[in-house]
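Colleague: Please take a close look at one part of this model, the pairing of its strands, and walk me through it with the criteria stated.

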Amino acid sequence: MGQKKFKWSNLYLIFVFIVLYLPILYLIFYSFNEGGTMNSFTGFTWEYYQAVFADKRLISIVLNTLLVALLSSLLATIIGTLGAIGIHYVKKRQTRNTLMSFNNVLMVSPDVIIGASFLIMFTFVGFKLGFASVLLSHIAFSIPIVVLMVLPKLQEMNPSMITAARDLGANNLQVLSKIILPSITPGILAGYFMAFTYSLDDFAVTFFVTGNGFSTLSVEIYSRARQGVSLEINALSAIMFLFALILVVGYYFIQQYNMTKKQKSRERERAKVVDLL
Amino acid sequence: MTGNAIIEFNHVKKQYDDNVILKDIDLEIERGKFYTLLGPSGCGKTTILNLVAGFTEATEGTITLNGKKVNDIPPNQRTVNTVFQDYALFPHMNVFENVAFGLRIKKMNKNVIKEKVAEVLKMVQLSGYEERGISEMSGGQRQRVAIARALVNEPDVLLLDEPLSALDLKLRTDMQYELRELQQRLGITFIFVTHDQEEALAMSDIIFVMKEGEIVQSGTPVDIYDEPINRYVADFIGESNIVKGTMIQDYEVSFVGHTFECVDAGMRPNEKVEVVLRPEDLVLTSVEKGKLTVQVDTQLFRGVHYEIIGYDRDGNEWMVHSTKKAKVGSEVGLYFEPEDIHVMRFGESEQEFDARLESYEEE
């Protein structure tokens, strides 16, 4: 009975993964299609991959996208972390909750509205649309994400640790750098990566605030798809998928390596203690 | 105000909004002694500790540390360190870094830090644990790390906020010995906060018994145990039998219908008083030899002794600690010496109490 139930749950899992991954695999599969359409597979070719690497415009757009993502998530992480610390240490509960709500409203409000309002603002103050406007708006919509990732870590932190640090002679800056920041580092990193991926695949906001001569990958793919999807897009998607896969696998191995290192040092120490006894 | 005082509280008051935590506290802490603030939770004992450490500010009154007023000095500039109830160790640092924290803040030389940390870890018997993470340490070991982290800064006063409450009984008793021994070896003033009267009695030089934001009685453990000022202290510290009585004259008190010789004096004749008899001072004997006769109601085996509850003819409850068994339902006599009787006046302040004791003890 138990075994049968186990099998059902496995089947469900496999089904879910198929639903999630099939479209991506389908896309990748046809990136090798000689026929040039996604209707029938006629033969194998690297042609579209060569085209991607030959397409200078596409490469520069990829680099632009990465640059915006890296910079915006970095700045948003700094601002968001400080903001989260600020919100956490607001004394009045009501003020704190209000600030939190303002943060959450930005999280749930549709990208289209955020994008449109940014466009209105930038044009109103006469800001030139382009790299800077995209960067600024990406920073803006990433901050709430970072705040949301960092706040729980601050709440988890034992508040008497800060009292203890002050007791041991630390001033406010030292408390921040030696106690608070190290304690919430996992939240900061998570916030950074979340902001990075949000920025990387944002379409709606970027579409509004980007100007002539500057484009990110999502906007570019959208405009190309409107002219009829070339398999070059498939090839590009395949490369990006592979890139993400390598990142994930790399992260996994780094984690494994750190774990075994920690374990080994612990064992070594235990041996030392046993020797002493 | 002797020159040996390291901390002085002068009419210190503390309140949050309308909630009065401390009412007019006056106290003096001398250098090199082990002090205990004893009282139930919510009596303000931790608030006193926080005032000394600088985590909260007094609403009124002055606090001096080493002769200097410290009301407005932040905790990081006071030469006191605290061992917290939950230890408050830094989980992202190993044992060495935890202990070295205060020294690193002071920007000490690396080799000096290494030496000092090694020394203090040896003192708390944690040599060889430097590289351990905090999560790999047991409760008792964490406790020692917390103590080492505070002591390494060589504070004038070490504040301990119920540091033993999270440990199991055996470990707690061991730590009591260790803390006492450590304090005597280092000669640092310890202020220990607890609600556990046994801990307080075992370790302290001076105990402050607190109730609802006031210090009810202060003194050595023996003084407080043998001569509690009122019913509250007698009840809080140790087990006690408390009955109503009348002070016939000096050295003569009457209760439960008999008059007994006692060692208390300085009260008005025929004053209504309360009489304390400790359970371990009552000796089981035959009805003829006893000064009191009770009927044994229940008997519990406590390991070291039997705890016997009996009632006299007036219905007063008497608790007796005896190594001998009694028969439930039987009548037994209770014998006690005149010095086992302690007489307490109603509503006597600590000053009046001390003055009265002095007046007749000098004779």
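**Strand pairing in chain B**

Modeller: In chain B, strand β1 (residues 5–16) runs antiparallel to strand β4 (residues 60–65), and five bridges join the two. The model is a predicted one, in which local features need pLDDT of at least 70 and side-chain atom pairs count only at pLDDT 80 or more, while totals for chains, interfaces and linings use all residues; side-chain values use heavy atoms, with hydrogens and water left out. Residues are numbered from 1 along each chain as its sequence is written, and chains are lettered from A, and ligands numbered from 1, in the order in which they are written.

A strand here is a DSSP run of E covering at least two residues, numbered from the N terminus, and two strands count as paired if DSSP finds at least two bridges between them. Within the β1–β4 pair of chain B, Ile7(B) faces Leu65(B) of β4(B). The pair belongs to an open sheet of four strands in chain B, ordered β2-β1-β4-β5 with antiparallel pairing. Because β2 (19–30) and β5 (68–69) of chain B are the edge strands, each with a single partner strand, one side of each has no neighbour in the sheet.

Strands of a sheet pair through backbone hydrogen bonds, in either a parallel or an antiparallel sense. The parallel sense is found between β6(B) and strand β7 (residues 157–161) of chain B, which are joined by four bridges, and Thr82(B) has Leu159(B) in β7(B) as its bridge partner. From strand β6 (residues 80–83) of chain B, Val80(B) and Thr82(B) point one way, whereas Asn81(B) and Val83(B) point the other way, and all are buried, that is, under 20% relative accessible area with a 1.4 Å probe and protein chains only.

Terms used:
Buried < 20%, exposed > 50% of the residue type's maximum accessible area, 1.4 Å probe, protein only.
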